[in-house]
Amino acid sequence: MLFILQYEWNRNEKFFFQAAIAYAMSIHLKQEFSVSDVLVCNETPRVSFWFVVTSPANPLLLIDKANVEMAVRKSRNRINSALLLSDTTMEFVGVLSTLASPVIPATPPWLIVFGVVIGLIAAGIVFLLVSTLVQKKRKKNQKADEEDDEEERVKTVENGNRSDGVYNASFSDDEPNTQM
């Protein structure tokens, strides 16, 4: 397995890396691995190398690549955190980056959309009811105003007394016809 890293690499860092891999293997295979079971090979000044993991019971027996990849995949976040790195600064060639688990919202998205739609429908119904009541009230007030105007025209004042009578349009100041 190839490991590429841009990092200040020394003996202590190498030991720390081996310990992190031994931890990952112990968790994955449920066996006790030690730092000596992780062999780092072909180190370069650029800090790239490959490593193999040997069996704790038999140091001549190598652990297969699939198990090492699975252990690294399962513990990748722990390895990155131990070395203060991230998936962008540390690359295990052949092991895909682990994706963070998707965020599950407390409220399902369909429930939010449903609430918004029902809220809009309820607001529309309330608007229709209120506008209908306001229109009825305006018509009622308008009819009452027209009746009051008609009653004022019918009532005339004679000698300071009000009496009911018939409205005579000939004595009106309002001219219904235009002059020629």
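Predicted model: local features only at pLDDT ≥ 70, side-chain atom pairs only at ≥ 80, totals over all residues.

Me: Which residue forms a salt bridge with Lys 65?

Reply: The general idea is that side chains of opposite charge can pair when their charged atoms come close. In this structure the partner of Lys 65 is Glu 69, and their closest N and O atoms are 3.7 Å apart.

Me: Where do Glu 69 and Lys 65 lie?

Reply: Both belong to helix H2, at positions four residues apart, which is about one turn of the helix.

Me: How should I describe the way in which two helices pack?

Reply: Two packed helices are described by the angle between their axes and the distance between the axes. Here, helix H1 spans residues 11–29 and helix H2 spans residues 65–82. Their axes come within 8 Å and cross at roughly 130°. H1 is therefore oblique to H2.

Me: Is the crossing of H1 and H2 left-handed or right-handed?

Reply: The crossing is right-handed.

Me: Which residues in H1 and H2 meet?

Reply: On the H1 side they include Phe 16, Ile 21, Tyr 23 and Leu 29. On the H2 side, Val 68, Met 70, Arg 78 and Ile 79 are among them. The residues of this contact divide into 13 nonpolar, three polar and two charged.

Me: What does the UniProt annotation "transmembrane region" cover?

Reply: According to the unreviewed UniProt entry, the annotation covers residues 82–104 and 110–134. In the model, residues 110–134 are 100% helix and 0% strand, and the end C-alpha atoms of this span lie 36 Å apart.

Note on methods. Residues numbered from 1 in each chain as written. Heavy atoms only, no water. Axes fitted to C-alpha atoms, helices over the stretch in contact; angles between N-to-C directions. Helix = DSSP H or I, 4+ residues; strand = E, 2+ residues; numbered from the N terminus. Parallel < 35°, antiparallel > 145°, perpendicular 65-115°, else oblique. Left-handed = near helix turned anticlockwise from the far one by under 90°. Contact = heavy atoms within 4.5 Å. Nonpolar A, V, L, I, M, F, W, Y, C, P; charged D, E, K, R; others polar. UniProt positions renumbered as here; feature names shortened; annotations may be inferred. Salt bridge = Lys/Arg side-chain N within 4 Å of Asp/Glu carboxyl O.
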